[in-house]
Amino acid sequence: MKRLFIALFAISGLAFTANAQEFGFAKGNVIVEGNIGFNSENDKNAEEKSSSFSINPKVGYFVTDKIAVGLSLGFNTTKDEDYAAGSESVDKTNSFGIGVFGRYYFLELGKRFKTYAEVGLGYGTSRDETEVGGTTTKGPKVNTLGINAGIGANYFLTERIALNVGLANIINFESEKVDVSGAKATTNFGLAAGTVNNIFDVATFGLTFKF
């Protein structure tokens, strides 16, 4: 009988711990999130290869229970290779970006599902390279300044790990300028609020870790 009471007590303790989990954020929490992408393709008919790799980490600090501010980084590289006899060439593009963001959690759908609005400001630089016959030619740098706003959501798998879905380009403004004398900036403004049917074209998916 004594062992039975001990077992029941242990089970009750485990149940209480599970129910006591808090799915959400508090002032002073730190989040680390991001996504990694890789793609490779080899078209043997056209004798062309292409590959891409990207990594976009982000760190945020909660100044209140609902507001976080933080820093984001981004690195992306693409490679296109034409290996047909007599026309071998490789085109590469490397891009790097850094930015700041502010996030506001405004709606909770149940205990685990939290939605937010986010605004970000970022600066990026990229450069193209072309290699033909062992000779590499570098293009000019392209500098980009951008502002974007969107919405997103976290779904908590555990108390400290959540899935993240972000639509950070619903509204965006971008100014791009080639780093050569006399070049003028090209600006672009976009609004993607009407592309609900193509949500997966603009969404980013990743994990959020809370500390």
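# Strands and an aromatic core in a predicted model

Trainee: Which residues make up the largest nonpolar core?
Mentor: The model is a predicted one. Its largest nonpolar core has 9 residues. They are Phe23, Phe25, Ile31, Phe62, Ala68, Tyr105, Tyr116, Phe156 and Ala162.

Trainee: Which residues are linked into a cluster by ring pairs?
Mentor: A search of the whole structure finds 7 aromatic pairs. Ring pairs join residues into a cluster, and its members are Phe23, Phe25, Phe62, Tyr105, Tyr116 and Phe156.

Trainee: Which residues does phenylalanine 62 touch, not counting residues up to four places away in sequence?
Mentor: Phenylalanine 62 belongs to the largest nonpolar core, and it is also part of the ring cluster. With residues up to four places away in sequence not counted, phenylalanine 62 touches Phe25, Ala26, Lys27, Gly28, Asn29, Ile31, Ile67, Ala68 and Tyr105.

Trainee: Is tyrosine 116 buried or exposed?
Mentor: Tyrosine 116 is placed in strand β5. Its relative accessible area is 3%. Buried means under 20%, so tyrosine 116, at 3%, is buried.

Trainee: How many Å apart in space are tyrosine 116 and glycine 166, C-alpha to C-alpha?
Mentor: Leaving aside neighbours within four places in sequence, tyrosine 116 is in contact with residues including Arg103, Tyr105, Gly150, Asn164 and Gly166. Tyrosine 116 and glycine 166 are 50 residues apart in sequence. From C-alpha to C-alpha, the two are apart in space by 9.0 Å.

Trainee: Which residue has its charged end over the ring of tyrosine 116?
Mentor: Arg103 is among the contacts of tyrosine 116. A charged end sits over the tyrosine 116 ring, 3.9 Å from its centre, and it belongs to arginine 103.

Trainee: Which residue lies over the face of phenylalanine 23?
Mentor: Phenylalanine 23 is one of the residues in the ring cluster. At 4.1 Å from the centre of the phenylalanine 23 ring lies arginine 112.

Trainee: How many helices and strands does the protein chain have?
Mentor: Along the sequence, the pattern is α-β-β-β-β-β-β-β-β-β-α-β. The secondary structure comes to 2 helices and 10 strands.

Trainee: How many bridges join β1 to strand β10?
Mentor: Strand β10 covers residues 204-210 and runs antiparallel to β1. Valine 32 has phenylalanine 209 in β10 as its bridge partner. The number of bridges joining β1 to β10 is 4.

Trainee: Which residue takes a positive phi in the hairpin of β1 and β2?
Mentor: Strand β1, residues 30-43, pairs with β2 in the antiparallel sense over 14 bridges. Asparagine 42 stands opposite lysine 49 in β2. The hairpin has 4 residues between the strands, and the positive phi, near 55°, is taken by glutamate 47.

Trainee: What is the bridge partner of phenylalanine 53 in β3?
Mentor: Strand β2, residues 48-62, runs antiparallel to β3 and is joined to it by 13 bridges. A hairpin of 4 residues connects β2 to β3. Within β3, the bridge partner of phenylalanine 53 is threonine 77.

Trainee: What is the bridge partner of aspartate 82 in β4?
Mentor: Strand β3 (residues 67-82) and strand β4 (residues 89-109) pair in the antiparallel sense over 16 bridges. Glycine 74 has glycine 97 in β4 as its bridge partner. For aspartate 82, the partner is serine 89.

Trainee: Why does glycine 102 count as partly exposed?
Mentor: Glycine 102 is in strand β4. It touches Ala68, Val69, Ala117, Glu118 and Val119, not counting residues up to four places away in sequence. Partly exposed lies between under 20% for buried and over 50% for exposed, so glycine 102 counts as partly exposed because its relative accessible area is 27%.

Trainee: What percentage of the residues of the protein chain count as buried?
Mentor: The chain exposes about 13,900 Å², with carbon and sulfur atoms supplying 61% of it. Of its 211 residues, the share that counts as buried is 24%.

Technical notes. Residues numbered from 1 in each chain as written. Predicted model: local features only at pLDDT ≥ 70, side-chain atom pairs only at ≥ 80, totals over all residues. Heavy atoms only, no water. Core = buried A, V, L, I, M, F, W, Y, C linked by side-chain atoms within 4.5 Å. Buried < 20%, exposed > 50% of the residue type's maximum accessible area, 1.4 Å probe, protein only. Contact = heavy atoms within 4.5 Å. Pairing = 2+ DSSP bridges. Phe/Tyr/Trp six-rings, centres within 6.5 Å; stacked < 30°, edge-to-face > 60°. Lys NZ or Arg CZ within 6 Å of the ring centre and 35° of its normal. Areas by Shrake-Rupley, 256 points an atom, 1.4 Å probe, with all protein chains shown as cover.
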